[in-house]
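Try each task before reading its solution.

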Amino acid sequence: VFASSVFGFSHLIWFHSVGAEIFSLNNLFCATLLYWVVRFQRADTVNRARVAMEASFISGLSMCNQHTSALFIGPIGAWMFLSLLKVKAITTHQFIQTGVAFAVPLLWYLQLPLSAYVSGAPRTWGDQRILSGFITHVFRGEYGTFRLTAEDKLTVDTLRNIRLYAEDLVN
């Protein structure tokens, strides 16, 4: 509850939520996933696999929107899966269904090459009509795969950023 409250009432979250863009949608997906974490924790053993499958679907949607959500989805998904294994609350069939629930939203990526062929849209993220351009886009090759900045060198002062974040929480 504390972590979701800090997240939900953070000044930066509210600041970025007023515009319809990728980051506010990412915040929505992350907040929704937190809701499903609470549902998972409160669910009885029999229903936990179903709740995990629903959370997996939301995670797939989130991955279509913003790759940095993987930093959020990974630990949550691992925790849910290990929790289910610990009490033997998931079958192989349910595990496969959960994986499919994650993969189905990723099918949105298939519209990229189709759209590139039909509309001839500008190719600012690689030419999605060819496989290498599609892979460049999906893995953010032009921006920098798994980098949070467009800088070539990471010049982040971690302690300074933690201090600024703490100040933001207080203000």
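**Exercise 1.** Decide whether Phe95 is buried, partly exposed or exposed in this predicted model.

Solution. Phe95 has a relative accessible area of 45%. Buried needs under 20%, and exposed needs over 50%. Phe95 is therefore partly exposed. Phe81 is partly exposed too, at 31% relative accessibility.

**Exercise 2.** Classify the aromatic pair formed by Tyr35 and Trp36, then that of Phe81 and Phe95.

Solution. Three aromatic pairs occur in the structure. In one of them, Tyr35 and Trp36 lie 5.2 Å apart, centre to centre, with 80° between the planes. Planes over 60 degrees apart count as edge-to-face, and that is the class of this pair. Trp36 is buried at 16%. Tyr35 is partly exposed at 49%.

Now take Phe81 and Phe95. Their ring centres are 5.1 Å apart and their planes stand at 45°, so the pair is tilted. Phe81 belongs to helix α5 (residues 70–86) and Phe95 to helix α6 (residues 92–103). The pair therefore ties together parts 14 residues apart in sequence.

**Exercise 3.** Find how helices α4 and α5 are arranged relative to each other.

Solution. Start with the axes. Those of α4 (residues 48–65) and α5 come within 11 Å and cross at roughly 165°. Angles over 145 degrees count as roughly antiparallel, so α4 and α5 are roughly antiparallel. The crossing is left-handed. Contact residues include Ala52 and Ser59 of α4, and Ile73 and Leu84 of α5.

**Exercise 4.** Locate the charged end of Arg48.

Solution. Look at the ring of Phe40. The charged end of Arg48 sits over that ring, 4.7 Å from its centre. Arg48 of α4 also takes part in the contact with α5.

Technical notes
Residues are numbered from 1 along each chain as its sequence is written. This is a predicted model: local features need pLDDT of at least 70, side-chain atom pairs count only at pLDDT 80 or more; totals for chains, interfaces and linings use all residues. Side-chain values use heavy atoms; hydrogens and water are left out. Rings of Phe, Tyr and Trp (its six-membered ring) pair if their centres lie within 6.5 Å; planes under 30 degrees apart count as stacked, over 60 as edge-to-face and the rest as tilted. Buried means under 20% relative accessible area, exposed over 50%, partly exposed in between (1.4 Å probe, protein chains only). Helices (H or I, at least four residues) and strands (E, at least two) are DSSP runs, numbered from the N terminus. A charge sits over a ring if NZ of Lys or CZ of Arg is within 6 Å of the ring centre and within 35 degrees of the ring normal. Axes are lines fitted to C-alpha atoms, for helices over the stretch in contact, and angles run from 0 to 180 degrees between N-to-C directions. Angles under 35 degrees count as roughly parallel, over 145 as roughly antiparallel, 65 to 115 as roughly perpendicular and the rest as oblique. A crossing is left-handed if the near helix is turned anticlockwise from the far one by less than a right angle, and right-handed if clockwise. Contact means heavy atoms within 4.5 Å.
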